[in-house]
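Hi,

Here is the structure I said I would pass on.

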Amino acid sequence: MRSSLAALVLFGLVGCHSLTPEARSKLDEEMARDKDLEVRTVGDVTELSSANPWQISGVGLVVGLDGTGHSPPGSWREKLESSLRTRNIPNIKSLLDNPNHALVLVNGFILPGYRKSELFDVTVSLPQGSKATSLKGGFLQECSLENFEMANKINPEKSGLIKGHVLARAQGPLVVGLGSDEDIDLRRGKIWQGGVSLVDRPFFFAMTKDEKSARVANAVAERINLMFQDDPKKQQLVRENMRLLLLDDVTHQLNEKFELTGMRSRLAAPVTPDVISVSVPYAYRYNPERYLRVARLLPLREDPAQLAKYRQRLSKMLLDPADALRAALRLEALGKDSVPILRTGLASPNPFVRFAAGESLTYLGSTAGIEQLSKLAVQYPPLRSYVLVAMAGLDEGLCRNKLNEMVATDDPQLRIGAFTALRLMLTDDLDVLASVKNRKRVQTLHEEKLRDLGGENLDIFWLHQVAPNSAPLVQYSITRRAEVVIFGHDVRLVAPVHLIVNREFSIVAEEGSQALTITRVSDEGKVQQKCSLELAEALRTLRSLGAEYADIVEFLRLVESDRVLNCPISVNQPPVMLTIEELYELGKDPKMFR
């Protein structure tokens, strides 16, 4: 599912939602530099308010351990028992005393710009006093995550923490022991995309010192709401999936119980005369920083004569590589009326001008620049992340076709980036259903869509086999998502093979052999299976013998270091995303886009 998005961040394709103070300062400097354009904008009367991530935490129960668990007495256990009682769980004492279960502490962060039902990573650790020795193989049962506030912020005479509100839920399989020999800690783990936000976390625009009034705040909010109509495509996607869910199980009455989040017609609203809350529209869900820039470039007043002069000036700036990106963002802020001007940029002999124009067209919902953007992504690596994020956000058939072409290129970085964008397109609309009670059906829909992308769910990780007619390549992930992607066909190990994985699994193929012998030795004894030399088959066999994702990663690392595969293999490295400031500088460099 989506990483923010996040996190967009998004798994290395998307920038972080949380702007640093330096980035906010530079954003304000850009506004000041462009005052000669003589159009007063939202950015002239607002500042991006400081917005730190919300830390949220809770206590949960990990099950599925191999006798290595423990739930120590104390306040954390009392809290977990109370939570289980509210959910009418029977036999709580025996449940917690089971050595295959462990009481754990769960932590995560909700970043500014997150929407309700957005997914995020959580960390899992053991409390002080726990005798649990390993969380390997564990599954976190659903638990609530709350925010806490320092008591002295509310009352200077108080100390300690005050419980806040339930802001998220978390559950899922733990990834444990993924690291080097020196830093492996089986008492800690992560659940990639295991948290789901139960709230919207908007950004905030603070009115500048001279503009603090309800009248100005309302005017700014109305301008934003007028220019950005939220999520018409998202509504369609969600309703389509809701129909599938309802057809499968009408007894859940999802229409009554599920709030279609983020579908407000109003994206901005004054909170006080000093502050406006601003949510991120669907089109910018993978690039919220861009939305903040564009929203602050909105003209405050509709003056036809002034705006006509303004557009004329921007149309000239657009064709100058040094000003193209600034002009494109301002044209984007003027809405779909700017599409004809932006299309002229696509005919420029300068690649950076074509990029700036094509990117803005894409965020305005036009496919006119997709052909140019896809070519630029192949030719100019520094532009790739921005191109892929924009294309994933538009999610049109032409975008999917071009991304499929990129998946089949010879460039490893471009291939994994394009694959990730395709995966987002297929599953992103299901993120908003994460809070639906019929979770099993949502998961089924998710798996059906990933199978269309050559996906196979091996329970603890996804195995994808894509672009069968392209050059063979294997990439595996060690962050954000448990996933192995095999590009091309006939990807296999080359005998002789002699690998020992985490002192538990041996993978052997003698010289001239056409089969692997995979053996697992554990406290329960010795188990052995044979399989072909095909990598996908070896991964399936390892999993059938009980390998966790950390074991799969270690196996692939050994395959890479021993060079016993018939094609390149590496940790997946999505295209690097430059900062917007670095992107501006690219446009000014005449050597970059010859």
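Which strand does Q193 lie in? Q193 belongs to strand 7, which covers residues 188-197. Bear in mind as you look that this is a predicted model.

Most residues other than glycine have a negative phi, and most peptide bonds are trans. Q193 is not a glycine, yet its phi is positive, at about 60°. Its relative accessible area is 14%, so Q193 counts as buried, the cut-off being under 20%.

N502 also has a positive phi without being a glycine, in this case near 50°. N502 sits in the loop between strand 15 and strand 16 (505-509). Its relative accessibility is 31%, so N502 is classed as partly exposed.

Then there is a cis peptide bond, which joins A495 and P496, with omega at about 5°. P496 is in the loop that runs between strand 14 (483-487) and strand 15 (497-501).

Now for the rings. The count of aromatic pairs comes to eight. One of them is Y284 with Y291: the ring centres are 5.4 Å apart and the planes are at 45°, so this pair is tilted. Y284 is buried at 2% relative accessibility, and Y291 is buried too, with a relative accessible area of 0%.

Y284 also pairs with Y363. Here the centres are 5.1 Å apart and the planes are at 15°, so the pair is stacked.

Which residues do ring pairs link into a cluster? They are F228, Y284, Y291 and Y363, so if you want to view the two Y284 pairs together, pick out those four, given that the pair with Y291 is tilted and the pair with Y363 is stacked.

Last, two arginines over rings. R201 lies over the face of W54, at 3.9 Å from the ring centre. R285 lies over the face of Y282, and its distance from the ring centre is 3.7 Å.

That is what I have for now.

Cheers

Key
Residues are numbered from 1 along each chain as its sequence is written. This is a predicted model: local features need pLDDT of at least 70, side-chain atom pairs count only at pLDDT 80 or more; totals for chains, interfaces and linings use all residues. Side-chain values use heavy atoms; hydrogens and water are left out. Helices (H or I, at least four residues) and strands (E, at least two) are DSSP runs, numbered from the N terminus. Buried means under 20% relative accessible area, exposed over 50%, partly exposed in between (1.4 Å probe, protein chains only). Rings of Phe, Tyr and Trp (its six-membered ring) pair if their centres lie within 6.5 Å; planes under 30 degrees apart count as stacked, over 60 as edge-to-face and the rest as tilted. A charge sits over a ring if NZ of Lys or CZ of Arg is within 6 Å of the ring centre and within 35 degrees of the ring normal.
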